[in-house]
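I opened my notebook and picked a few places to look up. Here is the structure I worked from.

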Amino acid sequence: MRIVGCFLEYDGKFLVLLRHSHKPHGNTWGLPGGKVEPGETDDQAVLRELEEETGYSGGASQLELLGVFDFLPAPDTPYEYVTYRIKIDDHHEVRLEDSAHSDYKWLTPQECYAKSDLIHDLHDLLKMVGYID
């Protein structure tokens, strides 16, 4: 399985979303993102997910690829996590996808890492991409 995610970064903080309790991995915080659909490129998928989940409409020229990481969460299916960053200069008013998320926060990397309720593998990802030493 191939999943995309994006650090939408503004003023030293990035956006995290709280998944609804009835969703897989419910009541956990994660990055905007999701599965790559058949026929979609990674870039197209992450831009689609950002718009669906946050209302942010970005362009491919804004995307910075941070890496592709293999995760093997037990007992879930192994997946590749294609990780991007978009740095924005102006504050974005988040418009949540109500069916998927119930809240959002702009956090520093340290604030995010300190949370105990992050979605599986996000603590490791923060280290892998260099946000946390």
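**Ground rules.** I am reading a predicted model, where local features need pLDDT of at least 70, side-chain atom pairs count only at pLDDT 80 or more, and totals for chains, interfaces and linings use all residues. Residues are numbered from 1 along each chain as its sequence is written, and side-chain values use heavy atoms, with hydrogens and water left out.

**Strand β6.** I took helices (H or I, at least four residues) and strands (E, at least two) as DSSP runs, numbered from the N terminus. β6 spans residues 79-87, and seven of its nine residues are buried (under 20% relative accessible area; exposed is over 50%, partly exposed in between; 1.4 Å probe, protein chains only).

**Its partners.** Strands pair if DSSP finds at least two bridges between them. β1 (residues 2-10) runs parallel to β6, with eight bridges. There R2 stands opposite E80. β5 (residues 64-71) runs antiparallel to β6, with seven bridges. L65 has Y84 of β6 as its bridge partner.

**H92.** I found H92 in the loop between β6 and β7 (101-107). Is H92 buried or exposed? H92 is buried, because its relative accessible area is 11%. Beyond its neighbours within four places in sequence, H92 contacts (heavy atoms within 4.5 Å) L8, T54, G55, Y56 and W106.

**Cores.** A nonpolar core is a set of buried Ala, Val, Leu, Ile, Met, Phe, Trp, Tyr and Cys residues joined through side-chain atoms within 4.5 Å. The largest has 20 residues, and F7 is one of those touching the most other members. Another core, of 19 residues, lies apart from it and includes V82 and W106.
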